[in-house]
Amino acid sequence: MRVTAARLHRVHLPLVHAFRTSSHRKAGLDHILVELEDADGAIGWGEIASPSDPYYAPETVESCWHIAEKYLLPAVVGQEWETPDEVPRYWEKVRGNQFAKAGVDVAAWVLWSTVHGVPLSAALGGTRSEVTAGVSLGIEPTIDELLTEVRRQLTAGYPRVKLKIAPGWDVEPVRAVRAEYPDLDLHVDANGIYTESAEHLAALLALDEFGLTMIEQPFAPRDLPAHARLQRAIDTPVCLDESVETLADLETAVALEALRVLNIKVSRMGGLTAARAAHDLAARVGIPVWCGGMHEFGIGRAANVALSSLPGFTLPSDVSASEKYYARDVITPPVVARDGIVQVPGTPGLGHAVDTALIAANTVATTSVNA
Ligand code: OSB
Ligand code: MG
């Protein structure tokens, strides 16, 4: 395969429900769509789903644009490759910048699977024809509003609910949801906001009594020892998200016993190639995984569905339906969930048509790199 032209489109979509985490609140998102084209005009789409601010990871939409335009696309355009897992080696010298890399890596996988007439999930080695979706709920203004939101998602059929927590919004909201739903598959995500201060530790230890499926990323990304200490003190499995950006990070975390569950994000790992490798490593050491999301538009969302079809993804993934976030998505049909189940497309490539008219209508910037 040879990519002869590449384009970036910065696209803005409004969110149907504003989302708040421990660090910020968002009413609409700008993601960068990546288009890779071969000499025959076949196209593979990818998505750079970086948040606009550097609060989840160091990247921003602007930094991704810069890295993709100046380093990643020029490194890939004109190269001859057989399979998409070879593509990341072209940007081997570029450190970090996982979100930017992920968008280009996904586009290479989608291009390859489209040209070879195989579904993206099959190209990756996926074995499931459907995947279970969970929902992630942001911090709400009140516990009543949170309960309303939980009720809405359970009525929609989602079997797992993840709550964003932060100091001051942890034990009480969890107690309220648990009281109403004693058997719900419930987990919490702190996005690294807690420290080992007495007050913070007391809250984290108190959460241990609610039978949560996991506590995700309580401490700062690089603080693996703190995660290991907490895991020794509680029965609830500790899950890592922000801490694991590379396979070496995962090996270190495993060696330190800093996790019992892994959230694999295509964006955070730098693409499907690395995400699949993390899945393989986790399977070898017996750590269950699930696919996390970054409020992806349909292209990144469909890639998450394909990844979630790999056998080690035994926990529900953040692959809720497009409609939970976007009134109109960039793919047709959008990602649909029925009773919390998303079908894995059996058609070549992404398995969805890309709505180029919708993309054009919502594009705020575009650039191209040619061979
Ligand atoms: O930690 O999983 C996270 C969104 C933005 C930043 C961090 C996270 C999230 C989510 C998104 O939880 C969940 C989804 O896309 O369904
Ligand atoms: Mg997380």
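I call a residue buried if 20 or more other C-beta atoms lie within 10 Å of its own, exposed if 12 or fewer, and partly exposed in between, with C-beta atoms placed from the backbone. The model is predicted: local features need pLDDT of at least 70, side-chain atom pairs count only at pLDDT 80 or more, and totals for chains, interfaces and linings use all residues. Residues are numbered from 1 along each chain as its sequence is written, while chains are lettered from A and ligands numbered from 1 in the order in which they are written.

**Entry 1: helix H5.** I looked up H5, residues 171-180. Helices (H or I, at least four residues) and strands (E, at least two) are DSSP runs, numbered from the N terminus. Which residues of H5 are buried? I found Pro 173, Val 174 and Val 177. They lie on the same side of H5, because they cover an arc of only 100° around the axis; the arc is that of the directions from the axis to the C-beta atoms. Glu 172 and Ala 179 are exposed, on the face turned away from the buried side.

**Entry 2: the sheet.** I traced an open sheet of seven strands, in the order E5-E6-E7-E8-E9-E10-E11, with parallel pairing. Two strands pair if DSSP finds at least two bridges between them. E5 (135-137) and E11 (289-291) stand at the edges with a single partner strand each, so one side of each has no neighbour in the sheet. I then checked E9 (238-240) and E10 (261-264), which pair over two bridges. Cys 239 has Val 261 in E10 as its bridge partner.
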